[in-house]
Amino acid sequence: MTGIPSPEAISTKQQRIAQLAQEDPQRVFTSLAHHIDLAWLHEAYRRTRKDGAVGVDRQTAQEYAANLDENLASLLQRAKSGSYRAPPVKRVHIPKGTDGATRPIGIPTFEDKVLQRAVAMVLECVYEQDFLDCSHGFRPGRSPLGAAQAVRDVLARQVGGYVVELDIRKFFDTLDHSHLRELLHLRVRDGVLLRLIGKWLNAGVLESGAVTHPEAGTPQGGVISPLLANIYLHHVLDSWFVQVVEPRLTVRATLIRYADDAVIVCASEHDATRVLDVLPKRFGKYGLTLHPDKTRLVRFVRPDRLPAPAMGDPPESTESFNFLGFTYYWGLSRQRYWAVMRRTAKDRLARAIGRVTEWCRVHRHEPLEEQHRTLSSVLRGHYAYYGVTGNSRQLSRFARKVEQAWRDWLARRSAPRRGWQWFHAILRRFALPPPRVVQRQA
């Protein structure tokens with residue numbers, strides 16, 4: 001296809017939508033689908049991952065690209081005319097922890113991913129003007145590392161406090177469709193876009209050869225799902241907390257949310273208790289349930305500011321909590337002052353070690369060069385996320401476990417079993433990246 005506008009031209013159209021949304025926060029958009037044309041679909045195709053797993057039609061990105069212009073033209077016609085039929089998503093289960101629990105992931109077809117990306121590109125222009133700074137999940141220019149750092153900054157600035165941990169039970173499986181439609185209608189009433197979203201919500205799930213149609217939820221793994229989740233929780237939690245809850249507290253509290261993971265940091269224990277009491281009712285109003293054991297109040301007070309115990313009573317202690325793969329705790333810095341520290345959460349470390357061990361088992365017969373390349377990439381990725389000041393011990397432990405898993409499964413390629421001296425010779429030729437702190441903090 002010739003004459004396709006550049007990504008910059010698409011960006012200009014997005015900026016215009018964003019400007020209208022920003023100028024009038026109460027504006028309801030009734031006409032947005034006309035922005036989705038062939039050029040827009042080409043840009044959506046460019047932004048869609050090409051190496052993902054195939055959906056129910058088993059079509060790869062390479063096969064779709066063989067007749068890209070014709071496929072996108074057909075997709076546009078079907079989407080605009082209403083004849084597009086959203087295929088069911090293929091459900092797979094991935095490990096969630098070390099106890100054998102799994103998380104269901106939905107895999108749309110590649111064409112469905114492209115169309116979902118195109119719709120998300122429109123809706124993001126509107127809702128990015130509404131979303132608050134406390135929301136970090138799946139937004140342009142934001143990341144889980146940013147959310148994790150924000151929590152540390154708040155705790156360090158106000159010298160600890162009382163942390164309300166929120167755990168929404170099976171959020172992506174229980175998201176209420178009727179409430180979602182009501183919340184979408186507050187800002188977007190474009191019939192084409194709403195019809196497509198409805199089709200995705202009702203597309204069904206293919207698992208074990210059978211298609212089911214859940215009455216609630218949005219599949220994790222869908223391109224549009226994170227945006228819909230953010231829209232839902234923006235109304236259920238973010239804006240409600242800022243507009244309704246905060247003004248009623250005695251001192252300031254801070255909400256930090258990444259997708260369906262959130263914490264609320266309060267300076268006052270009384271305020272934290274009040275927030276914790278009202279949260280179940282608020283979420284229940286929108287069909288959501290908080291996990292009774294994992295939603296809790298954590299006393300995260302700096303140790304030297306804990307009240308002195310009464311005579312005969314044991315000394316009081318501060319607690320730790322987990323957020324986005326990190327365990328937050330109070331520790332002494334090298335200068336011997338108390339600081340908010342982070343280390344890799346135990347379950348995340350165990351999960352990462354388990355995945356590497358399984359990979360080494362499955363790929364032990366591949367050439368050493370290929371194994372070394374993959375393991376080095378895994379280690380660098382782990383250091384890039386967990387490489388924070390104060391986490392050196394856990395980084396080193398992960399590096400040792402990776403070396404041990406590689407050695408154990410390489411040794412099984414031949415008999416008799418070989419010792420560490422043989423493996424050290426391999427490491428001299430194929431050295432693995434050493435642990436390193438990537439994100440230094442004061």
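The model is predicted, so local features are described only at pLDDT of at least 70 and side-chain atom pairs only at pLDDT 80 or more, while totals for chains, interfaces and linings use all residues. Residues are numbered from 1 along each chain as its sequence is written, and side-chain values use heavy atoms, with hydrogens and water left out. Helices (H or I, at least four residues) and strands (E, at least two) are DSSP runs, numbered from the N terminus.

**Nonpolar cores**

- A nonpolar core here is a set of buried Ala, Val, Leu, Ile, Met, Phe, Trp, Tyr and Cys residues joined through side-chain atoms within 4.5 Å. Buried means under 20% relative accessible area, exposed means over 50%, and partly exposed is in between (1.4 Å probe, protein chains only).
- The largest nonpolar core has 83 residues, and Ile264, Leu279 and Phe283 touch the most other members. Helix 5 (residues 110-127) gives the most to this core, contributing 12 residues.
- Another core, of 46 residues, lies apart from the largest one and includes Val151, Val263, Phe423 and Phe430.
- Leaving out residues up to four places away in sequence, Phe283 touches Leu166, Ile168, Leu233, Val236, Leu237, Leu288 and Leu290. Contact means heavy atoms within 4.5 Å.
- As background, nonpolar side chains tend to be buried together in soluble globular proteins.

- Helix 5 is mostly covered, with 16 of its 18 residues buried.
- The end C-alpha atoms of helix 5 are 25 Å apart, which agrees with the 26 Å that its 18 residues should span at 1.5 Å a residue. The expected span of a helix is 1.5 Å times one less than its number of residues.
- The axes of helix 1 (residues 7-23) and helix 5 come within 7 Å and cross at roughly 40 degrees. Such axes are lines fitted to C-alpha atoms, for helices over the stretch in contact, and angles run from 0 to 180 degrees between N-to-C directions.
- Helix 1 passes helix 5 in a right-handed crossing; a crossing is right-handed if the near helix is turned clockwise from the far one by less than a right angle, and left-handed if anticlockwise.
- From helix 1, Ile10, Gln14, Ile17, Ala18 and Ala21 meet Met121, Cys125 and Val126 of helix 5.
- By class, this contact has 7 nonpolar, 1 polar and no charged residues. Ala, Val, Leu, Ile, Met, Phe, Trp, Tyr, Cys and Pro count as nonpolar, Asp, Glu, Lys and Arg as charged, and the others, Gly among them, as polar.

**Helix 13**

- Helix 13 (residues 368-386) has 19 residues and reaches 26 Å from its first C-alpha to its last, close to the 27 Å expected at 1.5 Å a residue.
- Its buried residues include Leu368, His372, Leu375, Leu379 and Tyr386.
- The buried residues of helix 13 pack against helix 6 (144-157), strand 10 (326-332), strand 11 (338-344), helix 12 (346-362), helix 14 (392-411) and helix 15 (420-429).
- Thr374 also sits in helix 13, and it is partly exposed, with a relative accessible area of 30%.

**Loop residues**

- Phe138 is in the loop between helix 5 and helix 6. Its phi is near 55 degrees, a positive value in a residue other than glycine, and it is partly exposed at 47% relative accessible area.
- Arg336 is in the loop between strand 10 and strand 11. It has a positive phi of about 70 degrees although it is not a glycine, and it counts as exposed at 60% relative accessibility.
- Arg334 lies in the loop between strand 10 and strand 11, where it is exposed with a relative accessible area of 83%.
- Arg252 belongs to the loop between helix 10 (225-245) and strand 6 (253-258), and it is exposed at 65% relative accessible area. Not counting residues up to four places away in sequence, Arg252 touches Glu246 and Ala267.

**A strand residue**

- Asp261 is found in strand 7 (residues 261-266) and counts as partly exposed at 30% relative accessibility.
- Beyond residues up to four places away in sequence, Asp261 touches Ile256, Phe323 and Leu324.
- Asp261 and Glu165 are 96 residues apart in sequence and 8.5 Å apart in space, C-alpha to C-alpha.
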